Amino acid sequence: MAKNAPPRWDRKMQQRLARGEAAALGELYDRFASLVHSQAHRMLDDETAADLVTREVFGYVWENPNAYDPKEGSMRSWVARLTHRQSVRRLREENDPRDDPDEDGNGLEERVHRATVAARADYIVASMPAPLRAALELAYIQRRDYRQTAADLGVTEDEARRRLRLGLQLLSTAHTRPLEGMSPPGYGRPL
């Protein structure tokens, strides 16, 4: 397979969507709905708005399957980009400075930045190798120390520390660089 070629599933899914297969949309929804909803909810901090963004993203995918360009990345990355854009659009509409002439937009931009970093962190955790994710979940969600994490994972303490350190290093990039799934601003047609 050529370098940077999309996975076979992505190509087939796009073809099925382009043919108008409703079952393909259902399969895509089953695979990515939790990603879309959690990313939108994290950015908007509103369950109803996250539900709406989820419907809008999958509606857009259904109506515009050819907007996905396999050369630009995975279907997952495309869906994450669409979610990010639609969530940012909603944030900006919600906080339109024309509604409040005294508002300079700085608060909104900070909120968009924080939401973007949070979405990047979610994406990084979701796409990191399972052993790193499992170690982070044990240590930071279940509050295990590295010794308990090692025992739960059945690895040495050194290996547990290595996994935790690497997982945290990956997470730290959420603040510093654009995410593959969210970067090119002109990707595809706008939502």
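**Group meeting: salt bridges, cores and a surface patch**

Let me start with a pair of charged side chains: Arg147 and Glu157 form a salt bridge, and their closest N and O atoms are 3.8 Å apart. By salt bridge I mean a side-chain nitrogen of Lys or Arg within 4 Å of a carboxyl oxygen of Asp or Glu. As background, side chains of opposite charge can pair when their charged atoms come close.

Before going on, two remarks on the source. This is a predicted model, where local features need pLDDT of at least 70 and side-chain atom pairs count only at pLDDT 80 or more, while totals for chains, interfaces and linings use all residues. Residues are numbered from 1 along each chain as its sequence is written, and side-chain values use heavy atoms, with hydrogens and water left out.

Back to that pair. Arg147 sits in helix α7 and Glu157 in helix α8, ten residues apart, and the bridge links these distant parts of the chain. Helices here are DSSP runs (H or I, at least four residues), numbered from the N terminus. Arg147 counts as partly exposed at 48% relative accessibility, and Glu157 is partly exposed at 34%. The cut-offs are these: buried is under 20% relative accessible area, exposed is over 50%, and partly exposed is in between, with a 1.4 Å probe and protein chains only.

How many salt bridges does the structure hold? There are nine. One of them joins the side chains of Glu27 and Arg16, at 2.8 Å from N to O. Because Glu27 lies in helix α2 and Arg16 in helix α1, this pair ties together parts that are eleven residues apart in sequence. Glu27 is partly exposed, at 31%.

Another bridge is between Arg163 and Glu159, with the closest N and O atoms 2.8 Å apart. Both of these residues lie in helix α8, four residues apart, which is about one turn of the helix. Arg163 counts as buried, at 15% relative accessibility. There is also a network: Arg16, Arg19, Glu21 and Glu27 are joined by salt bridges that share partners.

Now the inside. In soluble globular proteins, nonpolar side chains tend to be buried together. A nonpolar core is a set of buried Ala, Val, Leu, Ile, Met, Phe, Trp, Tyr and Cys residues joined through side-chain atoms within 4.5 Å. The largest one has 32 residues, and the members that touch the most others are Leu28, Phe32, Met75, Trp78 and Val79. At least two residues of this core come from each of α1 (8-18), α2 (22-44), α3 (47-63), α4 (75-94) and α5 (106-127). Helix α2 gives the largest share, nine residues. Leaving out residues up to four places away in sequence, Val79 touches Phe32, Val36 and Val57; contact means heavy atoms within 4.5 Å. A second, separate core has ten residues, among them Ala121, Met128, Leu132 and Ala174.

Next, two loop residues. Asp45, in the loop between α2 and α3, has a phi near 55 degrees, a positive value in a residue other than glycine. Asp45 is exposed, at 63%. Arg143, in the loop between α6 (130-141) and α7 (146-153), is not a glycine either, and its phi is positive at about 60 degrees. Arg143 is exposed too, at 69%.

Last, helix α8 again, residues 157-172, which contains Leu168. Leu168 is partly exposed, at 36% relative accessible area.
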